Amino acid sequence: ILEGKNVGVTVGIGSHGIALPPILRAGTEEQKQRFIPPVLSGDKISALAITEPGGGSDVASLATRAVLDGDHYVVNGSKMFITSGMRADVITVAVRTGGPGLGGVSLLVIDGDTPGLTRTPLKKMGWWCSDTAALYFDECRVPAANLLGEENHGFLGIMQNFNRECLMLAAMAVAFAQ
């Protein structure tokens, strides 16, 4: 049981290690200053939201849509198995802003208190200390200033993030196995 708690805590803290790198790589200086210091100081919690129900991590096929409306994106869709999803204040979210395929994917940072965002905790067999949730976006208005990088150019950043995430998970699995 103790090991399970250690895994859950490690994974919970690790959510920062997958949610912040896209902001570091693609964010403007203003975005970096607005989103990163509160997380690093422990005042806010971050999460990465890419996986979708029925789609897993097939980023090129994601369905959560963000449509530009004036100076805001209107976001509709859902994400599944989001680590720190229930308590995250800063959520880096993969959205579809363009056509089908990898060329229509973008990244938005969505505040955890955005109206229209609801969260449901997932019941799991293990890792109970790790907060895992389903996120639902219903007409969420997100400032266009929260777009990371260029619109429709988020796929590469996500794949770079996955490469790093896979290495982190492999190292963690070896450490726990030992």
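In helix H3, the buried residues are Gln31, Lys32, Phe35, Ile36, Pro38 and Val39. Buried means under 20% relative accessible area, exposed means over 50%, and partly exposed lies in between, with a 1.4 Å probe and protein chains only. Helices (H or I, at least four residues) and strands (E, at least two) are DSSP runs, numbered from the N terminus.

A word on the source: this is a predicted model, where local features need pLDDT of at least 70, side-chain atom pairs count only at pLDDT 80 or more, and totals for chains, interfaces and linings use all residues. Residues are numbered from 1 along each chain as its sequence is written, and side-chain values use heavy atoms, with hydrogens and water left out.

Back to H3. This helix covers residues 29–40, twelve residues, and spans 16 Å from its first C-alpha to its last, close to the 16 Å expected at 1.5 Å a residue. The expected span is 1.5 Å times one less than the number of residues. Just after H3, Gly42 has a positive phi of about 90°.

Now the whole protein. It has four helices and eight strands, in the order α-α-α-β-β-β-β-β-β-β-β-α along the sequence. Of its 178 residues, 45% count as buried.

Next, backbone angles. Most residues other than glycine have a negative phi. Asn152 sits in the loop between strand E8 (147–148) and helix H4 (155–177). Why does Asn152 count as partly exposed? Because its relative accessibility is 23%.
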